[in-house]
Amino acid sequence: MRAAILHKTGQDTLDVRDDVTAVGFGPGKVRVRLRAASLCHSDLSAMSGVLPQPAPFVPGHEGAGDVVEVGEGVTGVAVGDRVALCWMAPCGSCAHCERGRGHLCVTSLRRLGAPGFRFDEDGAGGPVEASGFYGTGAFAEEVVVERDAVIKVPADLPYEPAALIGCGVTTGIGAAVHTARVEPGASVAVIGAGGVGVATVQGARVCGAGRIAVVDPVASRRERALAFGATDALAPEELKGFAKGLPGGGFDYVFEAVGRAATVRAGYDAARRGGAVVVIGAGARDDLAQFSMGELFFNEKRLLPSLYGGAPVPRTVALVVDLWRAGRIDLAGMVTHRVGLADVNEAVAQMRSGEALRTVVTLD
């Protein structure tokens, strides 16, 4: 089958091959024929080494397809079911899962580097094993994953929006609904107008936010966010002055969807006293945000990290599906580009340049 391989961390391009095999099927596993995958910025972060993922590996974690085989002991999904991949899969039995906080379960992180694919490296004299990004690997025609790494979705949900739900949409909408619990009439800023940022805009709109300002250095990206419910489009240098003009001297909620210390700091400064800064972006471990103890105490601004939507992922996915079915969110409009697997490096370039909101890689 075909799949895209990153051979070494730090490489800019993927190697699309047709000699790859999905491996590891057995008890507790599910084999999925993928139909669509979308490129998320976290894939680029894994390729560059910002996010830990041993190479060689198959990137991609926003994927959707059909179950073609289930292993012994698998329940809840059957052959023919439509599913979305879940890259931070809950085990169901740890302390986090038992408290209803399955999105914090780290069991799946122990699978980093576990073989999910095999291919013949040119001149290596034998087969080479590769992992799938965070236990998935959506840039492949087929994948074998743990049962907890798939979420059943309705058969009438098209593959492309189902793929988006696997990460970015769930993350952004969940941050607004579950983590921040944005109140009707609240003022909101979203820093970063990529896929997660636009999903956050839609989540804030669903919550009834009165004002939603999107902040991005790329004019086309911030203008595009207006179509999804943003009321104001700001360049980064405009954020501070705009925030000061609001009642209370800042936003009620600021969402940071970039993953950098500098933008977290800018978000903190743009929030009003007593407001909240919700950190959604996945950043580097050594990128340190600084706050003084005095300002933390005096301003009573809340710092709220939000991982994968801030709630059990199946719960957030179900919410997103309901909102989509009711016509309250636009998923199809988030797909701005489409490429075949052979052209996946075009998708990488589009994400790096900011040209694409979401590029879908078709796998039919």
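**View 1. The largest nonpolar core of the predicted model.** This core holds 102 residues, of which Phe 139, Val 182, Val 188 and Phe 255 touch the most other members. A nonpolar core is a set of buried Ala, Val, Leu, Ile, Met, Phe, Trp, Tyr and Cys residues joined through side-chain atoms within 4.5 Å; buried means under 20% relative accessible area (1.4 Å probe, protein chains only). Helix α5 gives the largest share of this core, seven residues. A second, separate core has 14 residues, including Leu 239, Ala 243, Tyr 268 and Ala 270. The model is predicted: local features need pLDDT of at least 70, side-chain atom pairs count only at pLDDT 80 or more, and totals for chains, interfaces and linings use all residues. Residues are numbered from 1 along each chain as its sequence is written, and side-chain values use heavy atoms, with hydrogens and water left out.

**View 2. Helices α4 and α5.** The axes of α4 (residues 168-180) and α5 (residues 195-207) come within 7 Å and cross at roughly 40°. The axes are lines fitted to C-alpha atoms over the stretch in contact, with angles from 0 to 180 degrees between N-to-C directions. Helices are DSSP runs (H or I, at least four residues), and strands are runs of E (at least two), numbered from the N terminus.

**View 3. The buried side of helix α8.** In α8 (residues 261-270), the buried residues are Ala 261, Thr 263, Val 264, Gly 267, Tyr 268 and Ala 270. Their cover includes α7 (239-244), α9 (293-299) and strand β16 (271-279).

Terms used: Buried means under 20% relative accessible area, exposed over 50%, partly exposed in between (1.4 Å probe, protein chains only). Contact means heavy atoms within 4.5 Å.
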